[in-house]
Amino acid sequence: EALAGRLREVLMPALGSGRVPAPLSVAAKCWRAGFMAKTLGLKEDCIGLEPWRLAICGDFISAHSSPLEAAVLSGMEAGERIVSWFA
């Protein structure tokens, strides 16, 4: 429920003053075997391929103090980019 509430908060500016619909499904997954030994070392937190409207995000893109912080910041930047492509 908290994740769905935060998603509505993030989408509100992009959708304007209209009612933000509730998500059909909200989930989070932690892949314990998916941790990388090192990152790609990029300055950006996600990789955006605008012609295909594709954003690649994850803790492997750039270095942060923790993998969780890297994943969250990467996902937030990917979401912001996707919203900007449709604005």
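These are my notebook entries on what I looked up in a predicted model of a protein.

**Ground rules**

I number residues from 1 along each chain as its sequence is written, and I use heavy atoms for side-chain values, with hydrogens and water left out. As the model is predicted, I ask for pLDDT of at least 70 for local features and count side-chain atom pairs only at pLDDT 80 or more, while totals for chains, interfaces and linings use all residues.

**Overall layout**

I looked up the secondary structure and found two helices and two strands. Helices (H or I, at least four residues) and strands (E, at least two) are DSSP runs, numbered from the N terminus. From that end the order of elements is α-β-β-α. I noted a box of roughly 45 × 30 × 20 Å for the C-alpha atoms, taken along the principal axes.

Next I looked up burial. I call a residue buried under 20% relative accessible area, exposed over 50%, and partly exposed in between (1.4 Å probe, protein chains only). By that rule 18% of the 87 residues are buried. The protein exposes about 6,800 Å², and carbon and sulfur atoms supply 62% of that area. Accessible areas come from the Shrake-Rupley method with a 1.4 Å probe, and for residues only the protein chains shown count as cover.

For contacts I take heavy atoms within 4.5 Å. Among contacts with a separation of 6 or more, 34% join residues 24 or more positions apart.

I also looked up charge. There are 9 positive and 9 negative side chains, and the centres of the two sets lie 5 Å apart. Lys and Arg count as positive and Asp and Glu as negative, with His and the chain ends not counted. I place each charge at NZ of Lys, CZ of Arg, CG of Asp or CD of Glu.

**The largest pocket**

I found about 920 Å³ of space in the largest pocket. Of its 24 lining residues, those closest to the centre are Lys29, Leu68, Ala71, Val72 and Gly75. Helices α1 (2-15) and α2 (67-86) each supply at least two lining residues. Helix α2 gives the most, with eight residues.

The search runs on a 1 Å grid over the protein atoms alone; a pocket is an open set of points where a 1.4 Å probe fits, with protein on both sides within 12 Å along at least five of seven lines, and lining residues have an atom within 4 Å of a point. Grid points are joined across faces, edges and corners, and the volume is the space filled by probe spheres set on the points.

Leaving out residues up to four places away in sequence, Ser74 touches Asp45, Cys46, Cys57, Gly58 and Ile61.

Arg81 also belongs to α2. I list Arg81 as buried because its relative accessible area is 19%. With the sequence neighbours up to four places away set aside, Arg81 touches Glu44, Cys46, Ile47 and Gly48.

I then turned to Ile47, which lies in strand β1. Ile47 is partly exposed, at 25% relative accessibility. Beyond its neighbours within four places, Ile47 is in contact with Leu40, Leu42, Leu54, Ala55, Ile56, Ile61 and Arg81. Its C-alpha is separated by 20 Å from that of Ser65, 18 residues apart along the chain.

**Helix α1**

I found Arg6 in helix α1, partly exposed at 41%. From Ala14 to Leu24, ten residues apart in sequence, I read 19 Å, C-alpha to C-alpha.

**Loops**

Arg19 sits in the loop between α1 and β1. I count Arg19 as exposed because its relative accessibility is 73%. The C-alpha atoms of Arg19 and Arg8, eleven residues apart along the chain, are separated by 9.5 Å.

Arg53 is in the loop between β1 (46-49) and β2 (54-57). Arg53 has a positive phi of about 50° although it is not a glycine. I list Arg53 as partly exposed, with a relative accessible area of 48%.
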